[in-house]
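This briefing describes a single protein chain for computational work. The sequence and structure follow.

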Amino acid sequence: MGPSASVIDMLTKRNQALQAADPHHVTLSIVNHWISTSRHASGVWPSTHYIKVYENTSLVLGADPYPWRNASSTHDIGVEAWEISDVVSAFGPKGNRLRATTCVAQLFDYGAFKPLSLGWTEPPFAVKRAMTWLELVMGCGGVLQYCWKDQFLESKRAGQPAVAANSSTVARRMKEMQSIGIELLQYLHLFASGERNTTDLHLSVSAGKHTHAALFGGDQNKTLFVVNAANAKETVDIEHCTTFDLYKCRNMAQKTLHMAPWDVQIVPVPW
């Protein structure tokens, strides 16, 4: 939802009323970066940091980017990383106070009502998986898969009748989403332990601008999660000091990851 004074006022009052009536449940607002930044560019809303205007509209803020467009062979999902960074920096663990941030992956065909020439299509499974992992690696407190009604359509172009997806297509999409959820649950205990400071642990990750990494887990099960958010191969170099002597590193362990496009790799530390 794009911001306007009346919308923000309505959401703020509704949130206050809901919290007063039922303080045991959280409220959630889902906002879209493209709509909000477009409103700013047109002069409708004066704030350049759009997410701040939603500060009092809910307890949980959901970022809803539209990251996938396959018209270009070099396309990446950097717009998702940009929005996640904006939200987490403003309200999440990296901000000046803790807020629950649920990131919303817009997984399906946003271009259903747009000309085919714009190139919006359903992303392949590897992209859906990378989009989901990227949210957790960049600091989101939860993930929500969002598809409007496109999950049940093959296409619905302007001026043309909708084409319903057949049952096998819908079943395939549901199975893909289920498999991502099952994979994430295997590491839920690590995420619950919180993100670790890699500098304090003398661990460094060197890679391209579309590679994102984060360390989770306790002292006995530290695990590094690395996501390549681009449609290109990526080489990632990792260094970890395992032995110290008088505050100097005496043994540096090194590891290189060769990541495929949209790849996710999970590395126990030390390896």
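Accessible areas come from the Shrake-Rupley method with a 1.4 Å probe, and for residues only the protein chains shown count as cover. On that basis the protein chain has an accessible surface of about 14200 Å², of which 56% belongs to carbon and sulfur atoms. This is a predicted model, in which local features need pLDDT of at least 70 and side-chain atom pairs count only at pLDDT 80 or more, while totals for chains, interfaces and linings use all residues. Residues are numbered from 1 along each chain as its sequence is written, and side-chain values use heavy atoms, with hydrogens and water left out.

**Overall composition**

- The protein chain has 6 helices and 13 strands; helices (H or I, at least four residues) and strands (E, at least two) are DSSP runs, numbered from the N terminus.
- Of the 271 residues of the protein chain, 44% count as buried, where buried means under 20% relative accessible area, exposed over 50%, and partly exposed in between (1.4 Å probe, protein chains only).
- Among contacts (heavy atoms within 4.5 Å) with a separation of 6 or more, 65% are made by residues 24 or more positions apart.

- Helix α4 covers residues 125-137, and its 13 residues reach 18 Å from first C-alpha to last, close to the 18 Å expected at 1.5 Å a residue; the expected span is 1.5 Å times one less than the number of residues.
- Gly139, which follows α4, has a positive phi, near 110°.
- A nonpolar core is a set of buried Ala, Val, Leu, Ile, Met, Phe, Trp, Tyr and Cys residues joined through side-chain atoms within 4.5 Å.
- The largest such core has 27 residues, and those with the most contacts inside it are Ile77, Ile84, Trp133, Leu134, Phe225 and Val227.
- At least two residues of this core come from each of α3 (78-91), β3 (100-106), α4, α5 (167-185), α6 (188-192), β9 and β10 (223-228).
- The largest share of this core, 7 residues, is supplied by α4.
- Apart from this core lies another, of 10 residues, among them Leu215, Ile238, Leu257 and Met259.
- Leaving aside neighbours within four places in sequence, Phe225 is in contact with residues including Trp133, Val137, Leu190, Phe191, Phe216 and Ile266.

**The four-stranded sheet**

- An open sheet of 4 strands has the order β7-β9-β10-β13, with antiparallel pairing; two strands pair if DSSP finds at least two bridges between them.
- Its edge strands, β7 (195-196) and β13 (264-268), each pair on one side only.
- Strands β10 and β13 run antiparallel and are joined by 5 bridges, and Val226 has Gln265 as its bridge partner in β13.
- Thr211 lies in strand β9 (residues 211-216) and is buried, with a relative accessible area of 12%.
- Beyond four places in sequence, Thr211 is in contact with Val226, Val227, Asn228, Glu234 and Val236.

**Asn15 in helix α1**

- Asn15 lies in helix α1 (residues 5-21) and is buried, with a relative accessible area of 10%.
- Leaving aside neighbours within four places in sequence, Asn15 is in contact with Thr27, Asn56, Thr57, Ser58 and Leu59.
- The side chain of Asn15 reaches the backbone oxygen of Asn56 at 3.3 Å.
- Asn15 and Leu59 are 44 residues apart in sequence and 8.1 Å apart in space, C-alpha to C-alpha.

Key
A polar contact is a pair of N or O atoms within 3.5 Å; within protein, one must be able to donate a hydrogen and the other to accept it, and residues adjacent in sequence count only if both atoms are side-chain atoms.
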